[in-house]
Amino acid sequence: MVRPLGELENELMTRLWQWNRLVTVREVLEDLQQEREIAYTTVMTVMDKLFQKGWLRREQEGRAYRYAPVSTREAYTAALMNDAWETSDNPAAALVHFFGMMSPEQQEALGDALRIFAPSIFPADIDAQGEGEAR
């Protein structure tokens with residue numbers, strides 16, 4: 001089960017996902033300080049905790065570390081969605097409700113994803129009722 005990121009964890013990970021490179025605590029701190037007051041030790045502690053939780057990898061450079069995400073925001077989002085879906089007693093009904101809540105943009109993204117993924121679920125030689133077609 002994936003634990004949702006806390007507010008500050010999410011702020012840090014958002015930057016790291018956007019930057020997609022190894023960064024120092026100082027770089028993250030300076031970017032965060034453009035929006036809020038925050039201490040170096042706070043950023044360092046949160047980044048270390050994200051490393052311990054497996055969200056970040058790090059490489060030592062002198063006495064400091066450089067950090068980078070282990071996976072993408074999309075993988076994190078998919079894991080959260082999967083965890084939420086698994087809590088339902090009726091996954092099909094949960095999906096119907098979820099689809100009903102989608103914006104037109106989200107529906108379009110779902111359609112794009114299904115065009116990529118659906119052939120592996122619904123082979124071309126199977127019709128809508130699951131019956132094989134004579135070819």
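**Tryptophan 19**

I looked up the contacts of tryptophan 19 first. Setting aside neighbours within four places in sequence, I found tryptophan 19 in contact with Glu27, Val28 and Asp31. I note that this is a predicted model. Next I placed the residue: tryptophan 19 belongs to helix H1, residues 7–19. I then checked its accessibility.

**Asparagine 20**

I moved on to asparagine 20, in the loop between H1 and strand E1 (23–24). Its relative accessibility is 64%, so I wrote it down as exposed. The phi of asparagine 20 is near 50°, a positive value in a residue other than glycine. Most residues other than glycine have a negative phi.

**Helix H3**

I turned to helix H3, residues 40–52. H3 has 13 residues and reaches 18 Å from its first C-alpha to its last, close to the 18 Å expected. Which residues of H3 are buried? I listed Val43, Val46, Met47 and Leu50. They cover an arc of only 100° around the axis, so they sit on the same side of H3. In general, residues three or four places apart in an α-helix point the same way, because there are 3.6 residues a turn. What covers the buried residues of H3? My list includes H1, E1, helix H2 (25–32), strand E2 (56–61) and strand E3 (64–69). Last, I checked just after H3: glycine 54 takes a positive phi of about 90°.

Conventions: Residues numbered from 1 in each chain as written. Predicted model: local features only at pLDDT ≥ 70, side-chain atom pairs only at ≥ 80, totals over all residues. Heavy atoms only, no water. Helix = DSSP H or I, 4+ residues; strand = E, 2+ residues; numbered from the N terminus. Contact = heavy atoms within 4.5 Å. Buried < 20%, exposed > 50% of the residue type's maximum accessible area, 1.4 Å probe, protein only. Expected span 1.5 Å × (residues − 1). Arc of directions from axis to C-beta.
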